[in-house]
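Hello,

Here is the structure I promised to pass on. Have a look at it first, and then read my notes below.

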Amino acid sequence: TQRFSDCIDHFIQASKGYQIERVVIPIGNDFFNSDRSHPYNSTTAGTPQEEDTRWQKTFRTGRQLIIENVQKLTQIAPVDIVIIPGNHDFEKTFFLGDSLEGWFFNNENVTVNNSPNPRKYYKYGKVLLGYTHGDKEKMNDLPLIMAQEVPSEWATTLYREFHLGHFHHK
């Protein structure tokens with residue numbers, strides 16, 4: 001939690017002097033290490049994971065971490081949260097997104113995209129960003145998937161890329 005908060009603080013400090021119009025923050029991609037609690041902590045598919053045995057504490061700590069840092073980010077610009085389910089925490093990430101939707105319900109400076117589609121898209125000017133965990137799709141198929149799933153956004157942008165969380169390298 002400290003490293004995450006320190007990164008957000010660094011971003012806020014580094015953005016001073018710039019006119020930031022919006023902040024997009026993808027949340028998920030195995031943000032939680034596990035999805036299941038019984039009979040042991042495990043991924044969505046059932047692979048055992050070591051973590052705090054109190055899954056309720058893990059969830060609440062993660063939710064509070066996101067809330068506090070999103071509130072900090074709203075000091076510089078409106079924030080768009082994009083929820084990306086991972087293969088470790090598919091259900092728990094949806095519940096986090098649902099909690100964030102409720103928390104920020106009346107906050108016009110925060111939007112939450114928690115649609116059930118595991119692939120999310122974010123258009124900003126001539127840029128189209130795709131977000132997905134990347135464990136279900138072949139990387140080479142992603143450009144065509146993007147063009148088929150959001151054809152009007154594809155047609156009105158010049159720069160398009162996917163951001164993946166499953167592969168823990170660049």
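Two strands count as paired if DSSP finds at least two bridges between them. Helices (H or I, at least four residues) and strands (E, at least two) are DSSP runs, numbered from the N terminus. Please keep in mind that this is a predicted model, where local features need pLDDT of at least 70, side-chain atom pairs count only at pLDDT 80 or more, and totals for chains, interfaces and linings use all residues. Residues are numbered from 1 along each chain as its sequence is written, and side-chain values use heavy atoms, with hydrogens and water left out.

Let's start with the strands. β4 and β5 make a hairpin with two residues between them, and Gly125 in the turn has a positive phi of about 60°. The strands β4 (residues 120-124) and β5 run antiparallel, joined by five bridges. β5 also pairs with β6 (residues 159-164), this time in the parallel sense, over six bridges. Five of the six residues of β5 (residues 127-132) are buried, meaning under 20% relative accessible area, while exposed is over 50% and partly exposed lies in between (1.4 Å probe, protein chains only).

Now for helix α1 (residues 2-14). Its buried residues are Ser5, Ile8 and Ile12. They sit on the same side of α1 because they cover an arc of only 60° around the axis, taken from the directions from the helix axis to the C-beta atoms. The face turned away from that buried side carries the exposed Gln2, Arg3, His10 and Gln13.

Happy exploring!
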